[in-house]
Amino acid sequence: MVLTWDRADKKNAISPELAEQTIAALHAARNDASVRVVVLEAEGDTFCAGADVGIFLALADGPKQNVMAVSELPEVIRTFPKPLFAAVTGKTVGMGVTMLPHFDVVYASDSASFLTPFVRLGLVQEFGSSTTLPRLIGRQRTAEMLFAAEPVDAKTAADWGLVARVFPTAEVQPRIRRLAQVVASQPPGAVQEAKALLRAGEEGDYASSHAAEGAALAKRYGSPENVAAVQAFLASRRR
């Protein structure tokens with residue numbers, strides 16, 4: 001199954017609606033025996049601009065039920081039992097970056113970049129990335145990404161291990177679809193059990209890290225610092 005985020009006019013920012021649709025598609029793929037691998041792609045020049053900034057302003061007025069779908073997305077991705085691949089073309093930001101360790105294989109275009117601007121927006125990281133990113137790329141590299149909030153280019157991301165391979169933009173989707181076809185031809189039970197074992201060995205104390213991040217974000221979403229930072233960000237885009 002190939003899932004394509006097609007919200008290019010909004011840089012594929014994750015809105016509650018996009019989160020709900022992605023969750024529904026992954027649940028359908030999980031329950032469909034004919035689906036052995038899922039590939040996530042995106043239209044436009046941005047793979048994902050992170051969470052839709054409107055979410056932060058909405059949360060300043062109190063929790064909204066439909067907004068909560070965004071917070072459910074990481075766990076659905078993390079616990080998806082079948083191989084899950086991502087083709088990152090162009091920029092990816094915030095939540096678009098912190099979700100990547102939960103994919104089994106990530107290919108990127110040579111024009112891709114990876115930005116984690118959480119502290120710039122008066123927030124902290126999410127998706128359990130306090131655990132997953134240091135294990136994937138190292139604590140110091142993670143600290144550099146989070147504290148400096150500057151983009152990392154595709155070559156550096158590959159050197160660090162954030163992505164598996166880098167290709168010219170036109171080759172990324174064909175390459176990862178070919179990999180998906182190869183994996184789909186393998187015995188599905190063995191593939192899924194191998195994935196489960198790999199994740200169990202890797203994750204360790206993920207749950208407590210994810211819970212701590214959630215508690216911190218619950219205080220920071222809609223906080224004066226967060227709202228001021230988001231309003232400044234939106235104002236800069238209008239200039």
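A: The model is a predicted one.

Q: Which residues line the largest cavity?

A: Rolling a probe the size of a water molecule over the atoms shows where empty space is left. In this model, the lining of the largest cavity consists of Leu-3, Thr-22, Leu-26, Leu-40, Ile-77, Leu-84 and Phe-103. The volume of this cavity is about 40 Å³, and the count of cavities of 30 Å³ or more is one.

Q: Which elements supply at least two residues each to the lining of the largest pocket, and what is its make-up by class?

A: Strands β5 (91-93) and β7 (113-115) and helix α11 (224-238) each supply at least two residues. The largest share, four residues, comes from α11. By class, 19 lining residues are nonpolar, five are polar and nine are charged.

Q: What can be said of the second largest pocket?

A: The second largest pocket contains about 440 Å³ of space. It is lined by 25 residues, with Phe-103, Asp-104, Val-105, Leu-198 and Arg-199 closest to its centre. Two or more lining residues come from each of β6 (105-109), α5 (129-137) and α9 (188-203). Helix α9 gives the largest share, seven residues. The lining divides into 15 nonpolar, four polar and six charged residues.

Q: Turning to the strands, what is their order in the open sheet of five strands?

A: Two strands are taken to pair if there are at least two bridges between them. In this model the order is β1-β2-β4-β6-β9, with parallel pairing. Strands β1 (2-5) and β9 (165-167) are the edge strands, each pairing on one side only. On average, neighbouring strands of the sheet are turned by 20° against each other, direction ignored.

Q: How many bridges join β6 to β9, and where does helix α1 lie?

A: Three bridges join these parallel strands; Ser-109 has Phe-167 in β9 as its bridge partner. Helix α1 (residues 16-31) lies across β1, β2 (38-42) and β4 (84-88), and runs at about 180° to β1.

Conventions
Residues numbered from 1 in each chain as written. Predicted model: local features only at pLDDT ≥ 70, side-chain atom pairs only at ≥ 80, totals over all residues. Heavy atoms only, no water. Nonpolar A, V, L, I, M, F, W, Y, C, P; charged D, E, K, R; others polar. 1 Å grid on protein atoms, 1.4 Å probe; cavity = no way out; pocket = protein on both sides within 12 Å on 5 of 7 lines; lining within 4 Å. Points joined across faces, edges and corners; volume = space filled by probe spheres on them. Axes fitted to C-alpha atoms, helices over the stretch in contact; angles between N-to-C directions. Contact = heavy atoms within 4.5 Å.
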